[in-house]
Amino acid sequence: MPYTKEHKQQTRDKILRSAYDLFTANGFDGVTVNQLMHSCKLTRGAFYAHFSSKAELYSEAIKYWASSSKLAGLKPDQLSGQQWLAKLLDGYLSIEHVNGTTPCPLAFLATDIVTRDVTARLAYANVYQGMNQAIMSFCNSYTKCDSKQILALTAMIIGAVAIARTMDDEQSIVSLLEACRKEAGLKLGGI
């Protein structure tokens with residue numbers, strides 16, 4: 001009996017979640033299809049039932065993260081756009097984020113993406129643009145934001161997390177994150 005559409009989607013989501021975790025931890029070249037499918041407890045055949053190549057999966061995993069991130073989610077009704085943006089920044093510029101509890105591919109794959117194919121780079125660029133648009137929308141709900149300010153802000157926070165991941169001294173990491181959080185707040189109307 002063939003699998004239902006729901007079962008196929010659940011299997012695809014399972015592969016995407018696992019791929020995202022492995023790629024953000026190890027980069028594209030540090031993950032094999034066999035490792036990925038072993039982590040999902042699925043066969044190679046299941047992989048090829050959903051993806052034509054590891055490169056396609058890499059692109060899809062980036063998009064999957066974006067669609068399930070807090071930034072893509074709905075703002076809680078009890079929070080204003082300003083409060084929600086402050087909460088998102090606090091989470092993004094946190095030691096937990098740097099340590100990978102909820103890794104953002106924009107920071108965790110920043111250097112890995114440049115060596116990928118056009119499709120992967122396009123997926124990354126689209127996620128980055130989506131991040132900018134979402135932040136701009138929240139910002140404009142309480143103050144006037146300029147698109148260049150948002151570009152500078154997102155480049156700064158992504159870079160801060162990427163750089164913090166290379167550092168060993170926790171106090172230096174915290175200082176970097178706090179400094180960037182302060183600057184981000186100023187750029188976004190004092191949040």
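1. A residue is called buried when its relative accessible area is under 20%, exposed when over 50%, and partly exposed in between (1.4 Å probe, protein chains only). By that rule, the buried residues of helix 5 are G81, W84, L85, A86, L88, L89 and Y92.

2. A word on the basis: this is a predicted model, where local features need pLDDT of at least 70 and side-chain atom pairs count only at pLDDT 80 or more, while totals for chains, interfaces and linings use all residues. Residues are numbered from 1 along each chain as its sequence is written, and side-chain values use heavy atoms, with hydrogens and water left out.

3. Helix 5 covers residues 81-92; helices here are DSSP runs (H or I, at least four residues), numbered from the N terminus. Its 12 residues reach 16 Å from first C-alpha to last, close to the 16 Å expected at 1.5 Å a residue (1.5 Å times one less than the number of residues).

4. What do the buried residues of helix 5 pack against? Their partners are helix 6 (95-98), helix 7 (105-108), helix 8 (118-140), helix 9 (147-164) and helix 10 (170-187), with contact meaning heavy atoms within 4.5 Å.

5. Leaving aside residues up to four places away in sequence, L106 touches Y92, Y124, V127, Y128, M131 and I158.

Definitions and conventions:
Helix = DSSP H or I, 4+ residues; strand = E, 2+ residues; numbered from the N terminus.
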